[in-house]
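Visitor: I would like to learn how to read the strands and helices of a model, one feature at a time. Could you guide me through an example?

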Amino acid sequence: TALVLGGNVSNHFEVIVIGSGPAGYVCAIRCAQLGLSTALIERNTDAGDKPVLGGTCLNVGCIPSKALLDSSQRYADTKHHLAEHGIGIDDVTLNIPEMMARKEKIVSQLTGGVAGLLKHNKITVLSGAGQLLAGRQVELTDAQGQVALYSADNVVLASGSEPVEIPPAPIDDDRVVDSTGALCFDTVPARLGVIGAGVIGLELGSVWARLGADVVMLEAMEQFLPAMDEQIAKESAKIFAKQGLDIRLGARVTGVEVSPEQVTVAYSVEGAEHTEVFDRLIVAVGRRPRTEKLFSGDSGVSVDERGFVFVNEHCATEAPGVWAIGDIVRGPMLAHKGSEEGVMVAERIHGKAAQLNYEVVPSIIYTHPEVAAVGKNEQELKAEGVDYKVGTFPFAAIGRAQAAGETDGLVKILADADSDQILGAHVVGPSAADLVQQIVIAMEMASSTEDLQLMVFGHPTMSEAVHEAALAVDARAIHMVNRPQR
Ligand code: FAD
Ligand code: NAD
C-alpha cells in the first residue's frame, strides 16, 4: 500500500509524521535533513489514487485564496483605478474559468514541488489514513481499505483543521459553501452572502466583491475583528465600508432556505428580524481541529476542552515520543506557526533544546489594503496593566503611499514606557504584511523603538511609515505634527 517517493519501505522509522500540510511536511523535511529515517502519511488522494500533498494551505487555503486575491485585485484596479493614471482601457473582460485554471496551476506547481522535496530528502510517503495506537504503533488504512501496521521512535500528529458548520446553514456545496467551495465558483454571484466577517469572510468576500458581486456579511459579534487592535479594527472597518463591503454586526442567523436558484437567509439584529436573498452563501465561522480517528483511546494522547490535542510549549503530548503540531494544537491556526512548530519538534527529536517564540507570530489578513499584526495590542496591554507608549503614523503623510495612490491606513507601534522595548505593531495599509515582518525581526532581537528611530530607512518607501511611527512613540515624528498619542 505504500507509495514510496524516496527512502526505503520498512515497517519501522525513527519518525512518522501524520498529515502533509505545512506543519507536517516541513517537520518531515527537517527530520530528514537531520538524518532521521522519516515517513509521512497523507490520506488525501487524487483521481489516480496518488497522495495530494500540502494540506489545507497549498490545496484549499493560503495559496489558492491568494491567487484569487491577486487576480481579482488586478481586475478591480484595471477597471476602476487606471483612469486616474491617465490610462484608458475600453473593454475590460473577465474569464472566470481562466482565472480558476491559473489558480489550479499554481496549486499543482507547489504541491508538485513539495513531492519533489520529499523525494529528494528520501522521505517515505505512505498513502492512507494514519491512526496512532498505543506504543507508537501507527495503523495505516489505504483508499481500498487495506490495513498495514508501522512503528516509530517518534510520531508527530499534524492532521490540521476543518471548517466549522452551523446548524442553520448546512453546506450543500452548491448554493451554500464553505471556504473550499468559495474558491471555485464558476460565475460571479450577483448577490453573495457571507456568514462570519473573520479572516476567511473578509478575504473571500473581497475576491468576489472585486469581481462584481454585491457582498453582505453577517457577523454574530457586536465588535468587528475583536482580536485585532481596536484602533486598527475601526480603521479597517471604515476602509472596507468604502470598498462596498456591507458588514452587519450583531447578526444572528436563524434560518437558511435553499431553492434551485437562490438562498434566503433569515437573521436578527437586536431582536429585529430580517431576511436577505442571495445567489450564493459562504459560511466562514471558524475552523476546528481534525482529530477524529487520529489516535486510539489507549494511545496516551488527550484533547483539551476545545478539542485541541493537549501539548506543552514544545508540542510534546502526554504520550512519550508523541508530538502534535499545527492547527490541531493551541495557538493561532496559521501555516507559518505550524511550520515553525514542525521545525522545533524535529530539532527536539534530534536532541536539541529548540524553542518557538510564540510572542512574535505575525498574523495577516490579505485584504487590500492588508491588515497585519504582531505582539500585544493596546487593549491587551491595558488589561494587563502594562505602562506603555504608543506611536502611530498615517500612510497619507508618506510620499511613496501618495505616489501609489495607497493612502488609507496607519502604522501603530506599542512599546514599554520604561524600557522602550517594542511590545507590538499593528498596521492597516499598503504592504502591511511586509512592514509588520520588519517589526517581527526587531521584536525577535528584543529591539527598542530607539533602535528603529536610529535606523536609516530608504526613501521613498512604505517602510518610512514604520520609522515615523517609531519616532512618534517619543513625539518626534518629522512629517506630522506630534500630538499626545494616549
Ligand atoms: P493542514 O494544512 O490542514 O494539513 C493537514 C493534512 O493532514 C491534510 O492534508 C489532511 O488530509 C491530512 N490528514 C488529516 N488526518 C489524517 C490522517 N488521519 N491520516 C493521514 N492524513 C491525514 N494561514 C496562513 O498562515 N496564511 C494564510 O494566508 C492562510 N489562508 C487561508 C485561507 C483559507 C481559505 C483557509 C481555509 C486557511 C488559510 N490559512 C492561512 C490557514 C492554514 O491553511 C492552516 O493554518 C494550515 O494549513 C494548517 O496546517 P496543518 O499542517 O496544521 O494542517
Ligand atoms: P475566524 O475566527 O477568523 O472568523 C470567524 C468569524 O465568524 C468570527 O468573526 C465569528 O465571530 C463569526 N461567527 C462565528 N459564528 C457565527 C455565526 N453563527 N453567525 C455569524 N458569525 C459567526 O475564522 P475563519 O474566517 O473561518 O477562518 C478560520 C481560520 O483560518 C482563522 O482563524 C485563521 O486562523 C485561518 N485563516 C488564516 C488566514 C490568514 O492568515 N490570512 C486566512 C484564512 C484563514
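Visitor: Which residue stands opposite leucine 40 in S2?

Guide: Valine 17 stands opposite leucine 40. This is a predicted model, in which local features need pLDDT of at least 70 and side-chain atom pairs count only at pLDDT 80 or more, while totals for chains, interfaces and linings use all residues. Residues are numbered from 1 along each chain as its sequence is written, and side-chain values use heavy atoms, leaving out hydrogens and water.

Visitor: How many bridges join strand S1 to S2?

Guide: Two strands pair if DSSP finds at least two bridges between them, and strands are DSSP runs (E, at least two residues), whereas helices are runs of H or I with at least four. Here four bridges join S1 (residues 12-18) to S2, and the two run parallel. S2 also pairs in the parallel sense with S3 (residues 124-127), over four bridges, and there threonine 124 is the bridge partner of alanine 39.

Visitor: Are the residues of S2 buried or exposed?

Guide: Buried means under 20% relative accessible area, exposed over 50%, and partly exposed in between, with a 1.4 Å probe and protein chains only. In S2 (residues 38-42), five of five residues are buried: Thr38, Leu40 and Glu42 lie on one side, and Ala39 and Ile41 on the other.

Visitor: What do S1, helix H1 and S2 make?

Guide: A crossover is right-handed if, with the strands pointing away from the viewer, the path from the first strand over the helix to the second runs clockwise. S1, H1 (residues 22-33) and S2 make a right-handed β-α-β unit.

Technical notes
Chains lettered and ligands numbered in written order.
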